[in-house]
Amino acid sequence: MRVNFTVNGRPQEADDVWEGESLLYVLRERLGLPGSKNACEQGECGSCTVRLDGVPVCSCLVAAGQVEGREVVTVEGLADYAKQRSCASDACGTSLQNAQQWQAKGDSQTGEGTELSPVQQAFIDAGAVQCGFCTPGLLVAADEMLERNPTPTDADIREALSGNLCRCTGYEKIMDAVRLAAARQGEAV
Amino acid sequence: MDFLRPASWEEALAAKAEHPTAVPIAGGTDVMVEINFDHRRPEYLMDLNRIGDLCEWEVGEESVRLGASVPYTKIMENLRAELPGLALASHTVASPQIRNRGGVGGNLGTASPAGDAHPALLAAGAEVEVESVRGVRRIPIDAFYTGVKRNALAPDELIRAVHVKKADGPQQFSKVGTRNAMVIAVCAFGLALHPRTRTVRTGIGSAAPTPVRAKTAEEFLNAALEEGGFWDNGKIITPSVAKQFADLCSAACNPIDDVRGTASYRRHAVGVMARRTLTWTWESYRGARRTTEGAA
Amino acid sequence: MSSPNGTPTKITQGSQTKGGIGESTLRPDGTLKVTGEFAYSSDMWHEDMLWGQILRSTVAHAEIVSIDTSEALATPGVYAVLTYDDLPTDVKNYGLEIQDTPVLAHGKVRHHGEPVAVVAADHPETARRAAAKIKVDYRELPVITDEASATAPDAILVHENRDDHHAGHVPHPNIVHRQPIVRGDVAQARKRADVIVEGEYTFGMQDQAFLGPESGLAVPEEDGGVHLYIATQWLHSDLRQIAPVLGLPEDKVRMTLSGVGGAFGGREDLSMQIHACLLALRTGKPVKIVYNRFESFFGHVHRHPAKLYYEHGATRDGKLTHMKCRIVLDGGAYASASPAVVGNASSLSVGPYVIDDVDIEAIALYTNNPPCGAMRGFGAVQACFAYEAQMDKLARELGMDPVDFRQLNAMEQGTIMPTGQPVDSPAPVAELLRRVKAMPMPPERQWESSEGADLRELPGGLSNTTHGEGVVRGVGYAVGIKNVGFSEGFDDYSTAKVRMEVVGGEPVVTVHTAMAEVGQGGVTVHAQIARTELGVTQVTIHPANTQVGSAGSTSASRQTYVTGGAVKNACELVREKVLEIGRRKFGTYHPAWDTAELLLEGGKVVTDGGEVLADLVDVLGEDAVEVEEEWRHRPTEPFDLRTGQGNGHVQYSFAAHRAVVEVDTELGLVKVIELACAQDVGKALNPLSVLGQIQGGTTQGLGVAVMEEIIVDPKTAKVKNPSFTDYLIPTILDTPTIPVDVLELADDHAPYGLRGVGEAPTLSSTPAVLAAIRNATGLELNRTPVRPEHLTGTSLSEA
């Protein structure tokens with residue numbers, strides 16, 4: 001079957017989709033967007049978290065046919081998504097935030113020129129990335145939480161990220177990263 | 001496999017009548033796992049996401065009509081006052097991502113004894129609104145679960161909504177899992193006080209082939225509360241009454257040993273949850289009573 | 001064929017600071033990983049690629065009567081179906097140490113989930129459907145599941161006609177390896193004991209549960225060879241096992257490390273490597289294989305479950321007199337790393353304590369259970385769980401504080417191990433315990449808030465099982481010892497190729513190793529070492545592949561030590577060459593070129609007095625300086641097969657934990673409130689990464705304390721919970737704050753004085769949590785993980 005939907009703001013069309021395919025498979029294998037990860041395919045790990053019409057969901061549990069006509073944001077589109085959000089809310093006046101991102105980049109020039117969302121930058125800066133397989137899903141979930149709740153308590157962060165397994169970090173640096181992103185967001189406003 | 005995408009409820013009913021083996025998919029949190037892991041290859045998958053009506057709810061005089069696909073997140077956020085037991089249960093469902101997709105219709109359709117919504121629905125009192133091209137009917141929740149992962153739906157029927165009685169007293173829901181989040185119930189317990197009818201109702205999950213009520217325990221407690229004049233005098237429930245209630249709830253279980261827990265643990269844990277939730281709801285009832293009296 | 005999408009590229013990282021060792025520089029692959037661009041092995045994609053699918057045995061032990069693949073082969077979209085009969089050469093087995101593992105089952109399957117056939121098709125669903133059409137007729141055999149059934153007089157042999165190098169010295173062919181260690185005179189020492197405690201302990205089967213499933217892409221090459229893009233822990237070890245099965249010389253099997261989604265020991269053994277290569281060579285098309293989570297539980301070895309029998313004695317004043325122990329590890333159907341795990345379990349079974357008189361035996365069994373092998377902590381984890389329980393028991397018998405008791409018996413530099421090997425670098429065991437005990441305690445009743453109980457802080461969490469009822473706090477301590485690096489005489493080396501040249505007017509160093517970056521941060525550290533040694537800011541990390549010499553395994557806490565050591569060594573050689581060029585070009589202008597100690601700093605050649613002699617840019621000009629060199633740590637010796645004596649280990653690593661838990665004693669639910677850790681790391685090359693390792697390792701230890709266990713049916717030897725629904729690993733709501741106190745006492749034998757850091761925290765975290773639960777409940781608890789039924793007396797079946 002054919003599925004038409006929007007991914008990271010761009011219209012996409014997937015052809016010859018098998019009816020049992022998940023949104024995750026279509027993103028990874030048909031649209032060249034492997035950022036969403038395939039760690040469990042049963043909704044138990046959160047590595048494949050994307051936003052479906054704004055709502056964080058496990059893309060492994062969404063049938064491809066269900067996304068017809070809908071909007072999906074993946075980790076690949078997170079920076080743009082966050083930028084548009086801050087433009088919408090602050091009339092693009094987040095110069096401090098941008099300045100910090102720029103500074104922070106000095107030590108990790110590997111993605112030179114890559115603009116990152118505050119939460120992406122915070123994950124790098126706080127050491128929240130090890131193997132990185134859980135990272136895309138965590139970023140999408142954390143970014144959405146900070147959108148809803150800009151000043152989360154630790155318990156709020158833990159609850160919001162309780163659907164995202166990480167096996168490397170013991171979560172401490174992930175907590176640090178989300179706190180850091182929240183603090184930077186707060187300063188930027 | 002064919003993928004059906006009805007644009008309206010009527011189309012969905014027609015499709016289900018034409019293809020009774022079609023598997024409805026809404027949140028996908030059960031169906032997609034089975035497909036991903038090759039446990040199931042239905043001939044037809046029928047997407048219900050395009051039927052907006054299924055994601056809506058109405059709060060009426062007596063009950064809430066809850067669309068089958070209203071995500072658990074929405075229940076937690078919007079129906080805490082009307083459906084406190086179900087809201088608590090919703091909060092224990094898997095993870096935020098799953099709660100954003102899954103709804104009560106899926107729990108009912110799958111009818112797994114471990115579904116988190118069941119004990120809350122049994123305790124609150126509910127009717128399942130099902131429909132086919134042949135017509136609509138409402139199945140009382142007590143008659144809905146017919147066996148392990150079996151329910152009272154006819155092959156051509158779809159679940160449209162659940163009518164859950166609005167809380168007229170405190171409700172609680174408690175679930176044991178071996179992890180603090182994202183866990184399938186080892187066993188679960190729901191309790192609702194119904195001061196208007198001076199009754200209590202229970203629901204037990206994952207401790208019998210189907211979700212069940214502990215009817216003997218309810219009857220015992222109803223009688224004990226009546227005899228002691230507890231509804232009127234608002235006294236603390238005596239420990240012996242609470243204990244017997246808990247024991248009777250344990251006795252209502254018919255659990256198995258599996259990888260998630262032993263039968264005897266389940267029986268034990270249901271008793272502990274019964275006692276605790278009774279304490280919490282009763283304390284809450286007494287508190288509300290005092291407040292009302294104080295105001296009067 | 002062309003390069004697939006996701007082929008790793010060089011990553012260049014600059015630094016505004018010196019960016020050398022000791023700084024918390026950030027990961028060079030960080031940006032790629034947060035944008036989703038970093039390509040893991042499962043992300044590889046090639047035009048026209050096929051999907052491989054493995055058919056696995058549905059029973060644990062059976063003769064294969066027949067296999068019929070005809071229907072599968074006839075399925076449209078299927079390109080190949082291979083069984084044992086299709087293997088191209090006489091080499092049909094592989095294995096890390098003993099080549100006992102069939103590439104595809106031959107006449108017999110020995111465990112549930114053993115690969116029987118492989119399929120290549122144009123869509124994963126086609127491959128799955130075709131695999132389901134393969135008819136395998138099994139004649140089931142009785143299953144061997146424990147020591148009793150393995151060593152019974154009439155036991156079926158899991159492997160007949162063993163001819164491996166352990167076959168001659170084991171007491172039974174169903175024992176893979178046995179290592180006794182005898183030192184002193186236990187019978188005599190026992191007489192001095194005022195108290196003797198015994199214990200029988202059970203350690204459940206833990207899974208590495210790395211998040212990135214086994215996967216890779218094999219691309220056939222024009223010269224008849226194959227290029228494998230793969231997530232592994234050791235490229236060259238894979239290569240040595242793959243090439244003979246394919247019938248190809250090693251230079252025709254090119255291997256490139258693809259992104260690795262965690263490993264923790266689970267990628268030491270081969271998984272889908274050979275299968276993908278076979279299918280690619282057979283079909284002439286690129287073949288990708290990606291396990292799903294279900295298959296992943298069958299696709300890699302697990303941590304050995306163990307039974308441990310211990311006896312300890314102590315004098316009234318708290319000095320240990322002797323220890324006897326017997327450790328029985330279940331190796332499952334194939335040897336994997338079992339022999340080395342036995343060596344570790346036995347040689348570290350005493351723990352970080354001084355006991356002169358010991359009688360130790362460790363064995364690993366062959367059974368029909370899932371194969372077990374490497375996992376973080378590698379044999380030392382099981383032992384630590386048992387000896388730390390024994391320490392608490394002894395302290396209780398003696399009426400002593402458990403930490404005081406441990407400190408009184410703690411080993412230190414100079415202590416002789418039971419193997420006779422002196423500990424010749426700092427061993428601050430007592431100090432680590434002191435530090436972890438001195439950390440402030442978390443507040444009591446932290447779950448109370450103005451709005452009532454915060455469920456998220458209570459046992460049971462959001463499941464709303466308690467509002468404080470039945471909740472009791474407990475505190476427990478544990479400390480452990482882990483060896484670093486490969487032991488027992490293994491030639492443990494690494495290779496680094498380092499190149500310095502001027503690029504864009506700036507000196508740039510490229511580091512090329514075959515080290516598997518599995519998340520640990522080796523690539524970060526390599527860049528730091530290059531900056532420290534060669535005074536540059538820009539460092540390029542070359543993708544790891546087999547175009548450079550072996551780096552050894554990313555395991556045994558060894559990579560920063562060994563490959564870090566190799567990079568340091570290669571950098572030093574590059575520096576010498578650069579200075580030689582400098583002397584040649586500029587030596588006549590300044591006497592210091594010949595007389596002073598020269599360093600490379602800030603892109604310049606400077607004297608140790610700080611005087612600048614030349615810019616590296618000018619020294620190098622158009623020249624590039626490149627060195628590829630192997631580097632070894634000091635050699636070790638095998639353990640004597642009868643006495644266990646021998647200088648078997650190269651370095652030890654120590655960590656201590658304090659666990660604070662709250663237990664809902666009625667429901668048997670546990671909430672770990674805090675897991676404080678103190679660890680000696682010798683020298684923290686990257687402090688942020690060190691914390692990440694300690695906190696991650698600690699959490700894996702927590703997991704096996706309270707939830708993680710692969711459950712194998714003792715009647716059928718089949719795995720009952722191969723999913724993330726029923727094999728539970730800690731979520732962020734199960735994981736407490738993990739304050740860490742890092743001690744840096746240099747080991748003079750190691751590069752920069754560093755000490756391997758990754759595994760030690762996994763050891764002591766589990767027994768600390770168990771001790772805390774015992775403290776809260778007063779229960780004995782001789783097994784891990786501890787489940788709610790163990791805490792509520794409901795573990796027995798009602799039937």
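Two residues are said to be in contact if their C-beta atoms, placed from the backbone, lie within 7 Å. The structure is a predicted model, in which local features need pLDDT of at least 70 and side-chain atom pairs count only at pLDDT 80 or more, while totals for chains, interfaces and linings use all residues. Residues are numbered from 1 along each chain as its sequence is written, and chains are lettered from A, with ligands numbered from 1, in the order in which they are written.

Chain A contains 7 helices and 5 strands, where helices (H or I, at least four residues) and strands (E, at least two) are DSSP runs numbered from the N terminus. Read from that end, the order of its elements is β-β-α-β-β-β-α-α-α-α-α-α.

Two of these helices, α4(A) (residues 118-125) and α7(A) (residues 172-188), pack at an angle of about 135 degrees with their axes 8 Å apart. Here axes are lines fitted to C-alpha atoms, for helices over the stretch in contact, and angles run from 0 to 180 degrees between N-to-C directions. At the meeting place, P118(A), V119(A), A122(A), F123(A) and D125(A) of α4(A) face A177(A), L180(A), A181(A), R184(A) and Q185(A) of α7(A). Sorted by class, this contact has 7 nonpolar, 1 polar and 2 charged residues (Ala, Val, Leu, Ile, Met, Phe, Trp, Tyr, Cys and Pro count as nonpolar, Asp, Glu, Lys and Arg as charged, and the others, Gly among them, as polar).

Turning to the partner chain, 24 residues of chain B are in contact with 24 residues of chain A. The largest share of the chain B side, 4 residues, comes from α2(B). That side divides into 13 nonpolar, 7 polar and 4 charged residues.
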